[in-house]
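Here's a quick tour of how the chains of this model sit against one another. Have a look at the picture first, then read on.

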Protein chains: 6
Amino acid sequence: MYKIIVMNSKHPKDSLTIITDLVLPSETNPIGNMFGGELLARMDRAASIAARRHCRRIVVTASVNHVAFNKMIPLGSVVTVEAKVSRAFNSSMEVFMDVWIEDRENGMRSKANEAIYTFVAVDEMGQTVQVPEIIPETAVEKERYDAALRRRQLSLVLAGKMAPKDASELKALFE
Amino acid sequence: MYKIIVMNSKHPKDSLTIITDLVLPSETNPIGNMFGGELLARMDRAASIAARRHCRRIVVTASVNHVAFNKMIPLGSVVTVEAKVSRAFNSSMEVFMDVWIEDRENGMRSKANEAIYTFVAVDEMGQTVQVPEIIPETAVEKERYDAALRRRQLSLVLAGKMAPKDASELKALFE
Amino acid sequence: MYKIIVMNSKHPKDSLTIITDLVLPSETNPIGNMFGGELLARMDRAASIAARRHCRRIVVTASVNHVAFNKMIPLGSVVTVEAKVSRAFNSSMEVFMDVWIEDRENGMRSKANEAIYTFVAVDEMGQTVQVPEIIPETAVEKERYDAALRRRQLSLVLAGKMAPKDASELKALFE
Amino acid sequence: MYKIIVMNSKHPKDSLTIITDLVLPSETNPIGNMFGGELLARMDRAASIAARRHCRRIVVTASVNHVAFNKMIPLGSVVTVEAKVSRAFNSSMEVFMDVWIEDRENGMRSKANEAIYTFVAVDEMGQTVQVPEIIPETAVEKERYDAALRRRQLSLVLAGKMAPKDASELKALFE
Amino acid sequence: MYKIIVMNSKHPKDSLTIITDLVLPSETNPIGNMFGGELLARMDRAASIAARRHCRRIVVTASVNHVAFNKMIPLGSVVTVEAKVSRAFNSSMEVFMDVWIEDRENGMRSKANEAIYTFVAVDEMGQTVQVPEIIPETAVEKERYDAALRRRQLSLVLAGKMAPKDASELKALFE
Amino acid sequence: MYKIIVMNSKHPKDSLTIITDLVLPSETNPIGNMFGGELLARMDRAASIAARRHCRRIVVTASVNHVAFNKMIPLGSVVTVEAKVSRAFNSSMEVFMDVWIEDRENGMRSKANEAIYTFVAVDEMGQTVQVPEIIPETAVEKERYDAALRRRQLSLVLAGKMAPKDASELKALFE
């Protein structure tokens with residue numbers, strides 16, 4: 001009489017996506033460092049693949065959380081973007097990314113920045129569809145999973161879709 | 001005995017930067033809409049030119065504030081990014097952008113999304129340098145100027161550089 | 001019994017299109033200046049959007065008038081292309097462009113070059129369709145509107161579609 | 001006591017440059033034909049190589065003569081640009097191009113359009129330098145060589161650098 | 001009662017395809033030479049057009065034979081890829097390419113490398129279709145035609161589709 | 001009195017490099033599959049990073065071994081290139097790549113093809129420099145390590161730098 005869809009929950013590691021690539025001359029600003037816009041676009045590609053691996057549907061970028069560019073990334077660098085879904089809400093997925101650069105000579109990796117994008121799963125007509133739940137495993141994954149709820153409330157407050165006083169998780173931060 | 005640098009303050013309109021361009025096939029996702037990452041990169045170019053017009057120095061992207069993609073932008077659309085510096089803080093500038101798409105047949109413009117990026121002015125060696133103050137003129141410019149302080153506090157709190165309890169502007173929001 | 005299509009005439013300002021963008025390393029020649037071909041392509045995008053804004057139809061490039069590159073445009077420049085329809089003829093539109101570069105340090109804008117492209121409005125099958133008339137307003141718009149007729153005659157003469165002796169406007173030039 | 005530079009004259013065939021390439025999806029407009037701007041850019045690359053082969057110096061685009069796009073070039077076409085220097089004047093060279101497309105199934109080549117670009121030879125500092133003379137050989141080369149003088153006068157008249165009454169070659173056209 | 005398809009044989013020169021183009025900054029590695037990958041992509045485009053000219057069908061890359069990069073190709077070089085079908089086998093075609101670079105100042109051409117790609121002709125559904133035979137004419141074409149059979153055997157052996165002992169042409173090489 | 005440089009040997013896993021990325025419309029041929037040339041270029045970037053991670057020097061592409069394209073890769077696919085150094089010889093490194101595509105709906109990965117590139121390590125002047133040895137660990141790595149010697153001999157024979165009769169490893173293959 002009715003259809004039951006069982007969606008198996010997944011783990012963050014199931015969506016791990018890695019893009020390692022060079023910084024080319026056409027991707028740098030006048031002082032020889034990677035353009036912020038170029039990194040934002042690479043991260044969007046990595047995050048969209050991670051989201052797609054989580055839900056196996058078409059995904060579209062819904063929002064970009066605060067991204068800080070803490071470290072300049074010089075021409076010729078090898079940049080690695082590692083993306084994993086950190087939390088799923090109905091039809092949306094938060095994807096957390098770590099961006100690394102490595103020194104060619106000594107091989108040391110250092111964190112360039114972190115970023116968080118949100119994607120929505122849609123069908124061929126562009127209508128939103130439900131996505132599987134996610135179960136974090138490592139300590140870092142659990143921490144990011146918990147913080148995702150605060151970020152979501154912040155996002156809703158900023159968009160005027162939630163009253164600040166109802167943003168329980170967020171409110172606690174300022175008490 | 002000492003050098004006095006007088007920096008004339010500027011108005012938001014002095015930095016107005018417009019990029020109007022088409023959405024090409026290589027910039028679209030499987031359901032025929034513009035990739036979020038491509039729009040993020042275009043906005044970075046528009047915002048960097050606006051910041052450069054405000055301070056007349058080399059500028060680098062420092063951060064991207066929360067960006068929501070509310071509207072799908074189909075292949076062949078004409079997209080207009082309008083960027084203006086909304087507030088200046090020492091060596092950094094907040095740039096506020098409005099993104100519009102227009103219907104080819106009836107010519108109506110509709111708002112696709114808003115975005116806020118922050119840039120830092122640097123010298124040839126990459127050291128930060130001071131930028132002129134800004135004086136908002138219109139009602140919208142004044143509102144964005146005021147909100148910029150709250151966003152800055154939020155940014156400092158998220159980066160762990162300010163205690164939530166010291167974020168006066170932000171705290172007021174939750175009371 | 002029959003359909004009357006009233007096409008409201010338009011003004012040049014209705015089609016004003018601005019593309020402001022940087023000159024990137026991949027767009028420069030061996031002595032570090034912007035390739036002519038890259039500027040020709042940017043101007044084609046700006047002019048096609050202006051023509052489309054005038055007629056709200058699909059438009060295709062019909063011809064490029066004489067373009068002189070008077071000024072070298074160095075790497076890192078901010079280049080602004082401003083395009084406006086200058087005259088409409090049946091299904092074609094002449095688009096006049098002014099190209100500006102600006103000095104980063106003192107903010108002065110200088111004219112890099114002018115260019116004129118012609119576009120034709122077509123339907124989905126590629127058949128030409130009529131476009132609205134245009135009514136110039138400013139002194140510069142009126143001057144460009146008048147000169148457009150001479151350019152059109154020159155174009156027809158060069159294409160062998162008009163006898164030089166019939167090119168009244170053009171002939172007057174050489175008397 | 002003084003230096004004599006003997007520059008051997010050359011023939012148009014010495015500068016023949018051929019670019020045969022596909023039309024890719026990212027290079028087409030909404031009705032599936034190649035963008036005019038993309039063809040203008042390809043022609044600029046072909047013409048610049050032809051000019052460089054004639055003079056063996058750095059060359060920069062000085063102007064683009066009238067270009068008519070007579071034929072639509074659909075996605076997936078094989079486009080061949082053939083460029084040859086048609087005439088040399090002091091430090092400038094006129095390059096004449098024929099653009100061909102070919103039918104995949106029957107292999108027939110048809111002329112898509114012709115174009116004429118002018119290049120200037122410069123040294124490493126951007127100063128103009130003299131180029132070798134050119135001696136046309138075939139009937140078509142001779143015809144293009146002669147017409148080049150008329151085009152140059154037209155160009156000087158349009159730029160306001162020659163009075164129409166002094167443009168002897170051009171004037172004859174209207175008598 | 002049955003259909004006879006007569007496919008006229010062709011000569012290598014019928015498929016000659018030339019791409020002459022510049023090496024741009026975005027195509028170079030950290031020591032200022034053209035990326036191997038960029039040259040591989042240009043050769044694929046040239047070879048695919050040559051194969052298509054031979055068979056007048058849709059063609060897809062089937063394999064790349066051993067390619068050696070013997071000579072560095074510096075930024076700003078003029079690179080010429082010359083491609084010709086060297087042999088046809090049922091539905092596949094071997095394309096042989098010579099890559100030349102030329103010195104800007106003295107105009108000397110030197111061989112940068114050779115490469116061999118194999119293409120397969122397919123119909124709109126992706127099914128393989130037969131291609132015309134080829135008849136080599138010059139001494140070099142005949143030599144490449146003969147060697148193509150050895151390369152094909154090597155390719156089949158490496159793919160595990162032919163026992164080394166059956167590769168008659170190849171075996172002779174080691175005796 | 002003299003300098004001893006100890007180069008620690010490395011393992012294949014130390015150079016593992018992963019590029020996961022989408023196939024965009026501008027990267028596809030007329031029947032909607034990824035161009036061979038585009039995949040060759042992506043593999044070159046992945047392999048060059050793997051080689052660089054092994055030796056921590058500048059690396060340049062020396063050759064591409066036989067590459068077979070067994071499987072068509074449709075528009076919108078997620079393609080993963082995994083590259084690892086398989087063997088080191090003096091200043092050169094063989095890099096072995098596995099290319100995977102995955103089905104969006106069921107998440108199954110399938111092998112699209114394998115490829116082998118060789119890179120040479122150079123200093124800033126382009127002179128070759130020695131690279132660390134490699135010690136294979138897994139069964140697959142050992143098998144690839146052994147086969148690399150045969151491929152090297154084949155490469156030398158094809159380049160005319162080794163007599164077929166001296167290619168001991170290779171000769172054994174045909175006995």
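Buried area is the accessible area (1.4 Å probe) that two parts lose on being put together, summed over both. Keep in mind that what you're looking at is a predicted model.

**Chain A with chain B**

Start with this pair. Between chain A and chain B, about 2,900 Å² is buried, and carbon and sulfur atoms give 73% of that area. The contact involves 32 residues of chain A and 32 residues of chain B. What about charges and polar groups?

Two or more residues each come from helix H1 (36–55), strand E2 (58–64), strand E3 (67–68), strand E6 (109–122), helix H2 (139–158) and helix H3 (168–173) of chain A. Which element gives the largest share of the side of chain A that touches chain B? That's E2(A), with six residues. Sorted by class, this side of chain A has 20 nonpolar, nine polar and three charged residues.

E2(A) also reaches across to the other chain: two bridges join E2(A) to strand E3 (residues 67–68) of chain B, and the two strands run antiparallel. One of the pairings to look for is Val64(A), whose bridge partner in E3(B) is Val67(B).

**Chain D with chain C**

Now move to the other pair. Here 32 residues of chain D are in contact with 32 residues of chain C. The buried area between them is about 2,800 Å², with 73% from carbon and sulfur atoms.

On the side of chain D that touches chain C, at least two residues each are supplied by H1 (36–55), E2 (58–64), E3 (67–68), E6 (109–122), H2 (139–158) and H3 (168–173) of chain D. E2(D) gives the most, six residues. By class, you get 20 nonpolar, nine polar and three charged residues on this side.

Strand E2 (residues 58–64) of chain C is joined to E3(D) by two bridges, running antiparallel. Val64(C) has Val67(D) as its bridge partner in E3(D).

**The cross-chain strand pairs at a glance**

| Strands | Bridges and direction |
|---|---|
| E2(A) and E3(B) | two bridges, antiparallel |
| E2(C) and E3(D) | two bridges, antiparallel |

Methods:
Residues numbered from 1 in each chain as written. Chains lettered and ligands numbered in written order. Predicted model: local features only at pLDDT ≥ 70, side-chain atom pairs only at ≥ 80, totals over all residues. Heavy atoms only, no water. Contact = heavy atoms within 4.5 Å. Helix = DSSP H or I, 4+ residues; strand = E, 2+ residues; numbered from the N terminus. Nonpolar A, V, L, I, M, F, W, Y, C, P; charged D, E, K, R; others polar. Pairing = 2+ DSSP bridges.
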